[in-house]
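Look at the structure below and follow it step by step. The walk starts at a single residue and widens from there.

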Amino acid sequence: MSALLEVSGVSKTFDGFRAIDNLSFSINEPELRAIIGPNGAGKTTFMDLVTGKTRPDTGTIRYGELSRDLTRMSEAQIARAGIGRKFQKPTVFEDQSVDENLAMALRAARNPLTVLLRRPDTEAGVTEMAARVGLGGQLATKAGILSHGQKQWLEIGMLLAQEPRLLLVDEPAAGMTSAERERTTEMLVEAAKTHAVVVIEHDMEFVRRLNCRVTVLHEGRSLAEGSLDHVCADPRVIDVYLGRPESAEAADA
Amino acid sequence: MSMASSWHKYASPAEASRRRPLILRTDVLIFLAILALVTLGATLMAQSGLISTSFVKTLGKTLCLCLAALAMDLVWGYTGILSLGHFAFFGIGGYAIGMWLMWDRTEAIVQSTLARGPLPATDLQLQEAIGSQIFGVVGASDIPWIWTLAGSLPAQLAAAILVPGVIALVFGWLAFRSRVAGVYLSILTQAGTLALSLWLFQNDSGLRGNNGLSGLQNVPGLESVPQSTLSLWFLWASAVALGLAYLAAVWLVAGRFGSVLRGIRDDEARVRFLGYEVEHYKLAIFTVTAMVCGIAGALYYPQAGIVNPAEIAPIASIYLAVWVAIGGRGRLYGAVIGAAVVSLASSWFTGGGAPNVNLGIYTIRWTDWWLVLLGLSFVLVTLYAPKGLGGLVDLWTEHRARRRTGDLGPDQGALRAEEEQA
C-alpha cells in the first residue's frame, strides 16, 4: 500500500472566503474513505481541486507512482490519468441514450482523430456495464427519461466504465430507495477492494454501512480522522455537529 | 462488421435502423433520394424548357446554401458553438475561386487584344494590361500580392478550402484555449466577420473594394458552353457536394465522436471529466465546418456571377443561424430543410413572386415585408417549436411507431423487482 493521492497544505480562497484551509489528505490504493462534514465544510471544493476544476492558491496535489502534480494538469488529463468523478446531482447526458452515455465513458482512446477514425466495438462493454447497474433493458432509452435513481446508477456505470484508479463519489445515495442504497454500498465496498474510493456523504447511516476510515472536514480543514466511532467520540467533532441534524446520530455512537 | 445478423437483438425497428451501415439508414436514403429527384427533375424540366436557366441557378445556389447550413448545424446544432461568422468562410471561398475566374478570363481577353498590335506583347505589358483591366475600377493598376497565384486554378481551389481552414484554426485555437464560449464567442465571431467585410470594402484591400469580383458566371475554357448547360453542370456539382457532405456529416456525428460533440453542447464540463479534451474537439469541428463553407462558397459564386463585401456582412452569418434554427438544430436534414425553404421563400418574396396584399389603407409589399415575416417566424419557432421544421418529421415517425408497437406501459424502474423481493 502506498499513497495514491497526496494532498498537502492546500488552500483555496473564493472572494475572501476560505473554502479550503491548509488541508492535507492522502489515500492509498486500495482504500475506501468517507468524507463527512457540515454544509460549507469544503467537501465539493475538495473534489473540484483534485479533478482540476479549480486550482489551489497554495499547496500541492500529487498522484500516482510518478507523483504527478495534478495542479498542472487539465481536467481531461486528470481524468485520463485515472481519476473518475460522480457528481452530487446525477449528471448524465440526458439527450443521449443509455448506451451512448456508457460508450462515451468506456475506457478507450480520447483524442478526436482516434475516436473518429478507429471505431472499436463498444457493444460488449456497454451491454455488460448496463447489466451491472441494472439498466440492461434500457440501452436505447434516452437518459433524460430515466428515474432519478436510474440516472444515479447510469452515472455510477459511467464512472466504473472509465476504469479509474481513484473514484471520487459525491453523495451517491441521494434520492435512492433503501434497496438501491444497499446495492450502492455493496458496489462501493466491492470497488474499494481494488481501487481507491473517496465517498462524500451526509447520511451517517450510509457511512456506517461503508464501515471504513472517515475524514471529518470542517471549514476547509481536516478536523479528525479514523473510524466512524472514533471521530464521533471526538469532542471537536461533537462541537461542530452540535445543533445540526447529524448531531443526533453522532451522539448515538 | 456483421451488423445484419445482430438486428434481431434490438427492440424497435428504429433501433435496428440506427445500427445499420450508415449509408443504408432510412433517413440517409430518403435524403439522398430526394436530392437526386430534385436534381434530376430540374435537369429534365430545364431541358424541356419548363424552367429557366436563372431558376436552375437559383436551385444550384440553394443547394450550396444548404451545404453551408449543414456545416452550421454541425458547429452549432451538434456542438453548441453559435458561430456568427461561418458565412464569412463561405464568402472567402467565393473570393478565392472568383479571383481565378476573373484573372484567367481577363488574361485571355488582354492577350487577344494585344495580339492585334504590331509587336508581340511583353510580359510586363501583359501584367499592366491585366492590372488596369481588373483594378481600374478602384483606380489602381498594380497587381496586389494576394493575386500572385490567381492564374492557377488548383492554387485558388486550394485557397478556397485552406484559407477558411487556417483562419478558423487560428481563431478557434485562440478562443477555445482561453475557454471563450457562449455569447462571448458569438460576439467575437461576429466582430471578426465585420472586420473582414470592412477590410474588403476598402479599395486598397486588393480585392476591388465594394465592386467585388464580377463576371464569375463565365468560366474560362468553357466559353463555348452555353449558360443553360453550364448552370446544369453547377447544379449537379452542388448536388454531389451536398450529398457527399451529408454522408460525411452522418458519419461524423454517428458513434462516439458525435456523442462527444453533443455532450459538449449539453454539458461541456462533464465531457472534460470523462477525459476528453473539449478544446480539441471544438477546434476540429470549427475548422472542418469552415472549410466546408469555403467549398460551398466556391460553388455558389460562379452561379451567382458576383461576389462583393456585402455578401460577407455580419447579417449573412446571422441568416445562416436563422435557417438552421427554423429547420431544426441538431438534426442534419433539419438544417438542409431550413436553408432550402427559407432561401427559396426569400427569393420568391423578394423577387416579386408573392402578390401584394391590398388592405385598403395600406398595401403590403412583400419585397419590404419579407424580412418582418422572416423575423417573426424565427421568433415563433424559437418560442414554440424549438425542434423547427425538422420536428414535423418526428411527429410523423412517432405516429408510425405508435401505430406499430402500441403503448409501452408504465416505467418499470431498474430495481423495482428486486425491491419487491426484499
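A:Asn211 is exposed, with 12 other C-beta atoms within 10 Å. A:Asn211 sits in the loop between helix H8 (204–210) and strand E9 (213–218) of chain A. Helices (H or I, at least four residues) and strands (E, at least two) are DSSP runs, numbered from the N terminus. A:Asn211 has a positive phi of about 55°, although it is not a glycine.

This is a predicted model, in which local features need pLDDT of at least 70, side-chain atom pairs count only at pLDDT 80 or more, and totals for chains, interfaces and linings use all residues. Residues are numbered from 1 along each chain as its sequence is written, while chains are lettered from A and ligands numbered from 1 in the order in which they are written.

Move on to A:Glu219. This residue lies in the loop between E9 and strand E10 (221–226) of chain A. Its phi is positive too, about 45°, and A:Glu219 is not a glycine. How exposed is A:Glu219? A:Glu219 counts as partly exposed, with 15 C-beta neighbours inside 10 Å. Most residues other than glycine have a negative phi, and most peptide bonds are trans. The peptide bond from A:Glu29 to A:Pro30 is cis, with omega near 0°. A:Pro30 is found in the loop between strand E2 (17–28) and strand E3 (31–36) of chain A.

An open sheet of 4 strands in chain A has the order E2-E1-E4-E5, with antiparallel pairing. Two strands pair if DSSP finds at least two bridges between them. E2 and strand E5 (68–69) of chain A are the edge strands, and each pairs on one side only. Strand E1 (residues 3–14) of chain A pairs with E2(A) in the antiparallel sense over 8 bridges. Within that pairing, A:Val7 stands opposite A:Phe25 in E2(A). Helix H1 (residues 43–51) of chain A lies across E1, E2 and strand E4 (58–63) of chain A. H1 runs at about 65° to E2(A). Such angles run from 0 to 180 degrees between N-to-C directions, and axes are lines fitted to C-alpha atoms, for helices over the stretch in contact. Two residues are in contact if their C-beta atoms, placed from the backbone, lie within 7 Å.

Chain A also has a parallel pairing. Strand E6 (residues 83–86) and strand E7 (residues 166–170) of chain A pair in the parallel sense over 4 bridges. The bridge partner of A:Ile83 in E7(A) is A:Leu166. Which way do the residues of E6 point? A:Ile83 and A:Arg85 point one way, A:Gly84 and A:Lys86 the other way, and all are buried.

Next comes A:Met129, in helix H5 (residues 123–132) of chain A. A:Met129 is buried, with 24 other C-beta atoms within 10 Å. Leaving out residues up to four places away in sequence, A:Met129 touches A:Leu102, A:Gly157, A:Leu160 and A:Ala161. The C-alpha atoms of A:Met129 and A:Gly157 are separated by 6.2 Å, although the two are 28 residues apart along the chain.

Now turn to chain B. Chain B has 17 helices and 4 strands. Its C-alpha atoms fill a box of roughly 105 × 55 × 55 Å, taken along the principal axes. Of the 422 residues in chain B, 40% are buried.

Two of its helices show how they pack. Helix H4 (residues 86–114) and helix H5 (residues 123–135) of chain B pack at an angle of about 125°, with their axes 9 Å apart. That makes H4(B) oblique to H5(B). Angles under 35 degrees count as roughly parallel, over 145 as roughly antiparallel, 65 to 115 as roughly perpendicular and the rest as oblique. Residues in the contact include B:Met102 and B:Val110 of H4(B), and B:Leu126 and B:Ile130 of H5(B).

Finally, see where the chains meet. 28 residues of chain B are in contact with 32 residues of chain A. On the side of chain B that touches chain A, helix H9 (255–266), helix H10 (268–273), helix H11 (278–304) and helix H17 (416–421) of chain B each give two or more residues. The largest share of that side, 8 residues, comes from H9(B).

How values were computed
A residue is buried if 20 or more other C-beta atoms lie within 10 Å of its own, exposed if 12 or fewer, and partly exposed in between; C-beta atoms are placed from the backbone.
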